[in-house]
Amino acid sequence: MLYIKLFWSFVKIGFTSFGGLSMIPLISSEMISHNWMTAHEVSDIVAIAEMTPGPLGLNCATFAGMKAGGLLGAFFANMGALSPTFILSTLAAMFFAHFKDSKYLNKIMIGVRPACIGMVGGVLLQLSGANFTDIVTGILGIADLILLIKFKFSIPKVLLLNAIAGIILFRVFEF
């Protein structure tokens with residue numbers, strides 16, 4: 001039954017999000033509502049999924065499925081995450097000529113973008129409570145934002161700097 005629930009949860013996520021970061025609020029909601037993970041664990045999985053090669057949603061499905069149901073759980077979560085893409089891609093390919101010049105589809109997409117930004121912002125607030133637990137982590141988060149936006153550091157460089165800072169601050173100085 002767990003595997004069917006994992007499969008169905010990721011089918012819903014796949015059909016109601018648009019990939020990438022827009023999947024995170026839905027993954028978080030599904031994992032927490034089924035008691036498969038805590039908000040802190042979801043935050044960790046998203047961080048790991050961002051660092052590993054491949055699509056964010058599929059990486060999250062792999063790690064979440066593995067956490068909830070082992071190797072078989074990861075398989076069913078991945079099949080659930082991939083099913084909507086396969087179905088929608090097949091349908092879009094069949095009707096591509098019809099959708100290509102649709103002004104209605106363009107208007108729908110204009111409305112969907114702000115909704116995705118709102119969902120990402122909501123989960124950012126939700127997960128920040130699990131990540132910024134003290135003044136040190138808050139300062140690191142602000143420093144990361146400055147490095148990314150102002151100085152145009154790449155995400156891997158920021159992750160590496162955070163790993164070094166984490167080792168120094170929390171292992172050496174035991175903050």
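Modeller: Before we start, buried stands for under 20% relative accessible area, exposed for over 50%, and partly exposed for what falls in between, with a 1.4 Å probe and protein chains only. This is a predicted model, in which local features need pLDDT of at least 70, side-chain atom pairs count only at pLDDT 80 or more, and totals for chains, interfaces and linings use all residues.

Colleague: Fine, so how many aromatic pairs does the structure hold?

Modeller: There are two aromatic pairs, where rings of Phe, Tyr and Trp (its six-membered ring) pair if their centres lie within 6.5 Å, and planes under 30 degrees apart count as stacked, over 60 as edge-to-face and the rest as tilted. Tyr3 and Phe76 make a stacked pair, because their ring centres are 5.6 Å apart and their planes meet at 25°. That pair joins distant parts of the chain, with Tyr3 in helix 1 and Phe76 in helix 4, 73 residues apart; helices here are DSSP runs of H or I with at least four residues, numbered from the N terminus.

Colleague: And why is the pair of Phe75 and Phe76 edge-to-face or stacked?

Modeller: Phe75 and Phe76 are edge-to-face, since their planes lie at 85° with ring centres 5.4 Å apart. Tyr3, Phe75 and Phe76 together form one aromatic cluster.

Colleague: Is Phe75 buried, exposed or partly exposed, and how much?

Modeller: Phe75 has 44% relative accessibility and so counts as partly exposed. Tyr3 is partly exposed as well, at 28%, and Phe76 is partly exposed at 27%.

Colleague: Switching topic, how many disulfides does the structure hold?

Modeller: The structure has zero disulfides, a disulfide being a pair of cysteine sulfur atoms within 2.5 Å. The sulfur of Cys116 lies 15 Å from the closest cysteine sulfur, that of Cys60, which is too far for a bond. Cys60 is buried, with 0% relative accessibility, and Cys116 is buried too, with a relative accessible area of 15%.

Colleague: What about pockets, and how much space lies in the largest pocket?

Modeller: The largest pocket holds about 1,600 Å³ of space. A pocket is an open set of points on a 1 Å grid over the protein atoms alone, where a 1.4 Å probe fits, with protein on both sides within 12 Å along at least five of seven lines, and its lining residues have an atom within 4 Å of a point. Its volume is the space filled by probe spheres set on the points, which are joined across faces, edges and corners.

Colleague: Which residues lie nearest its centre?

Modeller: Among the 34 lining residues, those nearest the centre of the largest pocket are Ala47, Asn131, Phe132, Asp144 and Leu159. Helix 7 gives the largest share of this lining, nine residues, and helix 3 (39–51), helix 6 (103–131), helix 7 (135–149) and helix 8 (155–172) each supply at least two.

Colleague: And how much space lies in the second largest pocket?

Modeller: The second largest pocket has about 400 Å³ of space. Its lining has 18 residues, with Gly14, Ser17, Phe18, Gly19 and Thr85 nearest its centre, and helix 4 supplies the largest share, ten residues.

Conventions:
Residues are numbered from 1 along each chain as its sequence is written. Side-chain values use heavy atoms; hydrogens and water are left out.
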